[in-house]
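Please keep the sequence and the model open while reading.

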Amino acid sequence: MPLRFGADVATAETDYGTVLLDERSGSYWELNPTATLVVRTLIDGGDEADAAAALVREFDIDRAQALRDVETLVEQLRGSGLAS
């Protein structure tokens with residue numbers, strides 16, 4: 001399922017990844033380049049398998065580990081209320 005950030009979440013890509021600002025609470029999240037690739041893939045309409053495949057291509061990691069990492073990130077973003 002594609003990822004969507006809430007209306008109260010501002011994003012900015014940096015040289016080191018992506019910064020998320022939860023405007024409701026004032027909390028910042030910093031995503032590293034790996035998480036940024038996952039988020040970008042999901043926002044562009046890809047699913048979790050697509051995001052895992054992107055990690056495997058870009059970082060040459062094990063597919064099973066990539067999928068676990070994607071699932072964990074998505075759970076954290078949705079659980080925090082930043083994304084749906």
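1. S1 and S2 run antiparallel and are joined by six bridges. The model is a predicted one, and this applies to every point below. A hairpin of two residues links S1 to S2. Thr14 stands opposite Gly17, which belongs to S2.

2. S2 covers residues 17–22 and is also joined to S3, in this case by five bridges, with the two strands antiparallel. As background, strands of a sheet pair through backbone hydrogen bonds, either parallel or antiparallel.

3. Taken together, three strands make an open sheet with the order S1-S2-S3 and antiparallel pairing. Which strands are at the edges? They are S1 (9–14) and S3 (27–31), each of which pairs on one side only. On average, neighbouring strands of the sheet are turned by 20 degrees against each other, direction ignored.

4. Asp22 belongs to strand S2. Is Asp22 buried or exposed? Its relative accessible area is 8%, and the limit for buried is under 20%, so Asp22 counts as buried. Apart from neighbours within four places in sequence, Asp22 is in contact with Asp8, Ser27 and Leu82.

5. H1 lies across S1, S2 and S3, and runs at about 95 degrees to S3.

6. The crossing of H2 past H3 is right-handed. Residues of H2 that meet H3 include Ala52, Leu55 and Val56; on the H3 side, Ala66, Val70 and Val74 are among them.

7. The loop between H2 and H3 contains Asp60. The phi angle of Asp60 is positive, about 50 degrees, although Asp60 is not a glycine. With a relative accessible area of 69%, Asp60 is exposed, because the limit for that class is over 50%.

8. How many residues does the largest nonpolar core have? The number is 21, and Phe5 and Leu77 have the most contacts inside this core. The elements giving two or more residues to the core are H1 (33–43), H2 (48–59) and H3. In soluble globular proteins, nonpolar side chains tend to be buried together.

9. Phe5 can be followed through its contacts. Not counting residues up to four places away in sequence, Phe5 touches Thr11, Leu20, Val39, Ile43, Leu77, Leu82 and Ala83.

10. Leu73 is a residue of H3, the helix of residues 63–79. Leu73 is buried, with a relative accessible area of 11%. Leaving out residues up to four places away in sequence, Leu73 touches Leu31, Ala35, Val38 and Val39.

Terms used
Residues numbered from 1 in each chain as written. Predicted model: local features only at pLDDT ≥ 70, side-chain atom pairs only at ≥ 80, totals over all residues. Heavy atoms only, no water. Helix = DSSP H or I, 4+ residues; strand = E, 2+ residues; numbered from the N terminus. Buried < 20%, exposed > 50% of the residue type's maximum accessible area, 1.4 Å probe, protein only. Contact = heavy atoms within 4.5 Å. Core = buried A, V, L, I, M, F, W, Y, C linked by side-chain atoms within 4.5 Å. Pairing = 2+ DSSP bridges. Axes fitted to C-alpha atoms, helices over the stretch in contact; angles between N-to-C directions. Left-handed = near helix turned anticlockwise from the far one by under 90°.
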